[in-house]
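Thanks for coming, everyone. Please take a look at the structure on the screen, and then we'll walk through a sheet and a pocket.

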Amino acid sequence: MESKAIFELGLGINKPWYIKEIKLSTKPGSSQKEMHIEIDFQRGSKFIDKKGEECSVYDTSERSWQHLNFFEYPCYIKARVPRIIDKDGKVKTIDVPWSRAGSGFTLMFEAFAMLLIESEMPVNKAAHILRVYAQRIWNLFNYWVEEAKSKEDLREVKIIGIDETSRKKGHSYLTVAVDMEERKVIDVQLGKDAQTVGKIKSHIEKQGGKPGAIEQVCMDMSPAFISGTGENFPNAQITFDKFHVLQMSQNAMDELRKLERKEYVSLKGYKYLFLKNQNSLTNEEESQLTDFVFAYPRLGVGYRFKELLKEFYNIPNPEEAEGFLAYWCDAVQETDIISFKNLAKTIKAHWTGIINYTKSKLTNGILEGINNKIQLAKRRARGYRNTRNFINMINFICGKLSFAYPQYFT
């Protein structure tokens, strides 16, 4: 088999296309050698328009594409690309089989670039290996991610989780929406206000979903998210995240400890002793805690309330769980511990969403896991200055997308 036929086979070139010339030349002004492959089409060839009709060639234009290196040599493909006059009398440039429209790379090059990124290589590092400007790799990356997102089917989405993640230092956030059943990101929007939830709704509609079909939404107690959910997902029941509620009880315990610490110097250095779960204490810590509880009764009461609140989430019967939480709130109100009394007021203000946990069993644990992946990707890339790049990277690593680029390397 001659070399031209080998290259035609490797590039997937079929009639009427053929390789006209292959040459290894020196780059002007440099000692670097380059491989150039010239592709042409057979004289008299006709090409198919969008309606499947054969059309004659109107004229041609010279185009070139970067291909994967041939051994250590940069490789480029050059071709005369035909323009045709379709049956509507419009002049159209045909699509070539080795590259997508508007790209300066071959499909094989783009597939390899995406494989490097799939292998958790930062885009800038992939660009360095491929010897091209990073922005060019970002352009092809964004194209394939947005192409996959445009074809995503969200008709079956019924349960979603909403959470914010930091975009960069300072008050700069993205809101991430997750399909809780499929455990995948379905949308990412800039900001974290009520309008952001409206944009999530619009995206779900655009991809075939129905806002009225959303049955459950899991979130923290953000007033913006609560308002946005009520306005955009009218049939959805809200479940407030279990870990967010328990974190508030930890904060209440810490406020109480700080207040006692101002009065009693001996409490210095024991912050985490009171924040630890009881079943996580060592024998020595348990002994220390027992001593402090007897010495400082208010801390003992607060610690008991902190641990008791966890029991609400362990009661399987919804009615019993609701009764237990009502008892907990009443017992707290009878004390003089302000931090826990404020927590009880917050719980009563968000009663329905907290009680819904006993039926839905939804938590933001899935979202926290996804957020860890997002922050890891951000650290690996040393931050993202371009919001579009960051959003598409989140969709890429957490969206379980199906990509249409050829799978040459699998």
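Which residue stands opposite Lys-184 in strand 9? Asp-179 does. Some ground rules. This is a predicted model, where local features need pLDDT of at least 70, side-chain atom pairs count only at pLDDT 80 or more, and totals for chains, interfaces and linings use all residues. Residues are numbered from 1 along each chain as its sequence is written, and side-chain values use heavy atoms, with hydrogens and water left out.

Now the sheet. Helices (H or I, at least four residues) and strands (E, at least two) are DSSP runs, numbered from the N terminus. Two strands pair if DSSP finds at least two bridges between them. Strand 8, residues 172-179, pairs with strand 9 in the antiparallel sense over six bridges. The open sheet has five strands in the order 9-8-7-10-11, with mixed pairing. Strand 9 (184-190) and strand 11 (237-240) stand at the edges with a single partner strand each, so one side of each has no neighbour in the sheet.

On to the pocket. A pocket here is an open set of points on a 1 Å grid over the protein atoms alone, where a 1.4 Å probe fits, with protein on both sides within 12 Å along at least five of seven lines. Lining residues have an atom within 4 Å of a point. The largest pocket has 28 of them. Trp-138, Ala-377, Ala-381, Gly-383 and Tyr-384 lie nearest its centre. Helix 15 gives the largest share of that lining, five residues. Among the other elements giving two or more are helix 4 (134-150) and strand 7.
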